[in-house]
Amino acid sequence: MITLPVLNGKRGLLLISVKRLFPDTKENILNIKALTVGPIQANCYIIGCEDTLEAAVIDPGAEADRILLSLAESKLKLKFIINTHGHFDHVGANKSLKDATRAQILIHPLDAPMLNQLSDAAASWGLATENSPPPDKTLEEDDTVSFGNITLKTIHTPGHTPGGISLHTDGYVFVGDTLFAGSVGRTDFPGGDFGTLVSSIKNKLFVLGDDVTVFPGHMGTTTIGQERRYNPFVGERGVL
Ligand SMILES: [Zn+2]
Ligand SMILES: [Zn+2]
C-alpha cells in the first residue's frame, strides 16, 4: 500500500468532512485510499463517502482480497467498480470484487470488449488473470457516477486505449494510464495513438485547472499545473 502525500486538505468536495475513513493514511487524506496492486504495480483507488459509507473502486487490477479488506476496515459498501481502461493490470480483480459485493462494473464502450480477453492479454506478459464479467453500464463523455455525496464525471481521454476515460470531481482527476507524473501513457499497445493521447491530455485534462490533483494509474500523484508546465512530453517546455 502507498499513501498519497500531495493533498493539502483545504479544497475539494472530497475533503469537507472531518471524519476519517482511512485512518492509516496520512493526516489530511480523508476518503481516497490508494493501493498499489499486482505485478505491474497499478494504482487502485478507493473513494468513500463519509456520510453514507458508499464507495467506488477505480481500477482494481489485482489483489481483490486486499481491496476487500480495506473496504471492510472502513465499513464501506462498494457500489461501483470503475475501469479507466481495459488493460488487465487495471481490471483483473473486477470479477472477484463483483462476486463479493455485487457492485456495478463501469467502463467506456470502446474498451468493454477487452474485459473477456484478459487471460490472453495477461498470458502475453507471462501472467495469469481472470476474465471480467461484462459491464453493467458503460460510461461515455460527460456521464456521471454518483455515490453518497460524491459525483465523478467522465472525460473520454483516448490515446493509450480507444476507450480510456478519466474521472473528475472537484479538485481531483483519476486519469488511468493517460498522464503520469513527468510522463505520458504508452501508445504502442493495440488501439494506442500518440497524437490522440496528446490531444486528450492538452484539450481534456490541462483545461481542468492547475490546482487539480492528478491520480495516475501508476506511480505517484501530481497536479495539472505541474504537468502543464514541466511534463517533458506535453508540458509548456516539452517536446510536443
Ligand atoms: Zn494501460
Ligand atoms: Zn497500467
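This is a predicted model: local features need pLDDT of at least 70, side-chain atom pairs count only at pLDDT 80 or more; totals for chains, interfaces and linings use all residues.

User: What makes β5 and β6 a pair?

Analyst: Set the count against that cut-off, which is at least two bridges. Strand β5 (residues 104-107) is joined to β6 by two bridges, and the strands run parallel. One bridge you can look up is Leu106, whose partner in β6 is Lys137.

User: Where do those strands sit in the sheet, and what is the order?

Analyst: The order is β1-β2-β3-β4-β5-β6, an open sheet of six strands with mixed pairing. At the edges are β1 (32-37) and β6 (137-138). Each has a single partner strand, so one side of each has no neighbour in the sheet.

User: Which helices pack on this sheet?

Analyst: Helix α1 (residues 64-73) packs on it, touching β1, β2 (42-48), β3 (54-58) and β4 (77-82). The direction of α1 makes about 160° with that of β1. Helix α3 (residues 94-101) also packs on the sheet, where it touches β3, β4 and β5. For α3, the angle with the direction of β4 is about 150°.

User: How do you know that the buried residues of α1 are on the same side?

Analyst: The buried residues of α1 are Ala64, Ile67, Ser70 and Leu71. They cover an arc of only 130° around the axis, so they end up on the same side of α1. Those residues pack against β1, β2, β3, β4 and α3. On the other side of α1, Asp65, Leu69 and Ala72 are exposed. Just after the helix, Lys75 takes a positive phi of about 60°.

User: Why is Ala181 called partly exposed?

Analyst: Ala181 has 17 C-beta neighbours inside 10 Å. Buried needs 20 or more and exposed needs 12 or fewer, so a count in between is called partly exposed. Ala181 is in the loop between β11 (179-180) and β12 (183-184). Leaving aside neighbours within four places in sequence, Ala181 is in contact with Pro216, Met219, Gly220 and Thr222. Ala181 and Phe215 are 34 residues apart in sequence, yet 9.1 Å apart in space, C-alpha to C-alpha.

User: What makes β7 and β8 a pair, and in which sense do they run?

Analyst: Strand β7 (residues 144-147) and strand β8 (residues 150-156) share four bridges. The cut-off is at least two, so they pair, and the sense is antiparallel. Val145 stands opposite Leu152 in β8. Their hairpin has two residues between the strands, and Gly148 takes a positive phi near 55° there. On to the next pairing: β8 is joined to strand β9 (residues 165-169) by four bridges, again antiparallel. In that pairing, Lys153 has His168 of β9 as its bridge partner.

User: Which residues have the most contacts inside the largest nonpolar core?

Analyst: Those are Tyr45, Ala55, Ala56 and Val57, in a core of 59 residues. Strand β2 gives the most to this core, with five residues. Beyond four places in sequence, Ala55 touches residues including Ile46, Leu71, Leu78 and Phe147.

User: And how much of the protein chain counts as buried?

Analyst: Of its 240 residues, 48% do. The chain has six helices and 14 strands.

Conventions. Residues are numbered from 1 along each chain as its sequence is written. Chains are lettered from A and ligands numbered from 1 in the order in which they are written. Two residues are in contact if their C-beta atoms, placed from the backbone, lie within 7 Å. Axes are lines fitted to C-alpha atoms, for helices over the stretch in contact, and angles run from 0 to 180 degrees between N-to-C directions. A nonpolar core is a set of buried Ala, Val, Leu, Ile, Met, Phe, Trp, Tyr and Cys residues joined through C-beta atoms within 7 Å. The arc is that of the directions from the helix axis to the C-beta atoms.
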